[in-house]
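Here's a walk through one model, taken a stop at a time. Have the sequence open next to the 3D view and follow along.

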Amino acid sequence: MLVIMETNATEAQILRVKERINEMGYTAHDVQWHANKAIGVTGNKGAEDRVYLEGLPGVLKVVPITRPYKLASREVHPENSVYNIGGAVFGTGDVVMIAGPCAVESEEQTLRICQIVADRGAQMLRGGAYKPRTSPYSFQGLGEKGLEILAKAREVTGLPFVTEVLDTSTAATVADYADMLQIGTRNMQNFILLKEVGKLGKPVLLKRGMSATLEETLMSAEYLMAHGSSEVVICERGVRTFSSHARNTLDISFIPALKHVSHLPIIVDPSHSSGQRYSVIPHALAGIGAGADGLLVDVHDRPEEALCDGPQALLPDEFSELMKIAKGVCAAMGKSIGRETD
Ligand code: PEP
Ligand code: MN
């Protein structure tokens, strides 16, 4: 349930409501409900004991939350959530461009590619230091050395970076370096990991599981939020279907559907959805057209040498081309994309 306070409610009144929620054995979460301060209640089975909260001073009303996900629901937070993550602002309607190599392969390769995307207007860098690979014989990532390299790329370009957290044993280390923690598609329902990452309190990029429904995705976001994450961005990266012409099927319908029920920003990864260079730009533009708040794009200047996902990486010129066309699409939609470059 959601306890909505009067607009002139005092801090003492809010504190009393939170104490009562704790006394009832539930958990209180600060939320904003239009112009009013509000307190989201989790841990309760239904809203039948709302009478114990309704009579408290400063309380305007107590409303039940009908969705199984609470903190991620628009019922609790009617406006879009907006987060500033190291200067990249998600959720305003403008499109955030996140780009970089799929994997951190070496310092030289990472600095080179990160500089390329920074010069072309990216607002955030991407790159995996810990890689979830289908084959145990494939490159598994550089681990902490990769994080050090990403930190150097941030220093050189001035841009924040997002990188994947693979397991609980390395989560705190990744959080020490990264501006945003990525939960990959294969881990979307690793609930132990979600709880641990939630506790770290860092911004999270949660990729939709490759066969996850909208509700399952938001329940995973709820795990993060219930354990301490206050900034969660969802990423649609294509799902498994009977189609085999692309690596995955980009589920465009997911974007407006998610926005309808949730206040969380959602971005699109056109690289992992398409799996092939030639269809990355169309997937990216479709994502923008559907209302995505950002893009997560693989870029490589020597894709034939890439240790991971070379075939889907855009070449530098293609990345410039994407920025150029996307700017036009965004302008037609009254939005912007990327940083101004000279
Ligand atoms: C990635 O973004 O590097 C990645 C592994 O993506 P996904 O989890 O969507 O497969
Ligand atoms: Mn990849």
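Helices here are DSSP runs of H or I with at least four residues, strands are runs of E with at least two, and both are numbered from the N terminus. One of those strands, β2, holds His 29. A quick word on the ground rules: this is a predicted model, where local features need pLDDT of at least 70 and side-chain atom pairs count only at pLDDT 80 or more, while totals for chains, interfaces and linings use all residues. Residues are numbered from 1 along each chain as its sequence is written, chains are lettered from A and ligands numbered from 1 in the order in which they are written, and side-chain values use heavy atoms, with hydrogens and water left out.

Back to His 29. With a relative accessibility of 14%, His 29 counts as buried (buried is under 20% relative accessible area, exposed is over 50%, and partly exposed is in between, with a 1.4 Å probe and protein chains only). The side chain of His 29 makes a polar contact of 2.7 Å with the side chain of Thr 42. For that term, think of a pair of N or O atoms within 3.5 Å; within protein, one must be able to donate a hydrogen and the other to accept it, and residues adjacent in sequence count only if both atoms are side-chain atoms.

Now step along to the loop between β2 (27-33) and β3 (36-42), where you'll find His 34. His 34 isn't a glycine, yet its phi is positive, at about 50°. It is partly exposed, with 38% relative accessible area. Look for Asp 309 in the loop between β14 (294-298) and α11 (316-332); at 18% relative accessibility, Asp 309 counts as buried.

Next up, the ligand. Which residues surround ligand 1? The list runs Cys 102, Arg 126, Lys 131, Glu 164, Gln 182, Gly 184, Thr 185, Arg 186, Lys 207, Arg 237 and His 272, where being near a molecule means having a heavy atom within 4 Å of it. Sorted by class, that shell comes out as one nonpolar, four polar and six charged residues. In this scheme Ala, Val, Leu, Ile, Met, Phe, Trp, Tyr, Cys and Pro are nonpolar, Asp, Glu, Lys and Arg are charged, and the others, Gly among them, are polar.

Zoom in on the oxygen atoms of ligand 1. An N or O atom in the side chain of Arg 237 lies 2.6 Å from one oxygen atom of the ligand. For Lys 131, a polar side-chain atom is 2.9 Å from a ligand oxygen atom, and for Gln 182 the distance from a side-chain N or O atom to a ligand oxygen atom is 3.0 Å. On its own, ligand 1 exposes 300 Å², and the protein buries 97% of that; these areas come from the Shrake-Rupley method with a 1.4 Å probe, and for residues only the protein chains shown count as cover.

His 77, in the loop between β4 (59-63) and β5 (83-85), is buried at 17% relative accessible area. His 77 and Trp 33 are 44 residues apart in sequence, and their C-alpha atoms are 5.5 Å apart. Leu 142 sits in the loop between β8 (124-126) and α4 (144-157) and is partly exposed at 30%. From Leu 142 to Ile 113, 29 residues apart along the chain, the C-alpha separation is 17 Å.

Finally, Gly 334 belongs to the segment after α11 and is exposed, with a relative accessible area of 66%.
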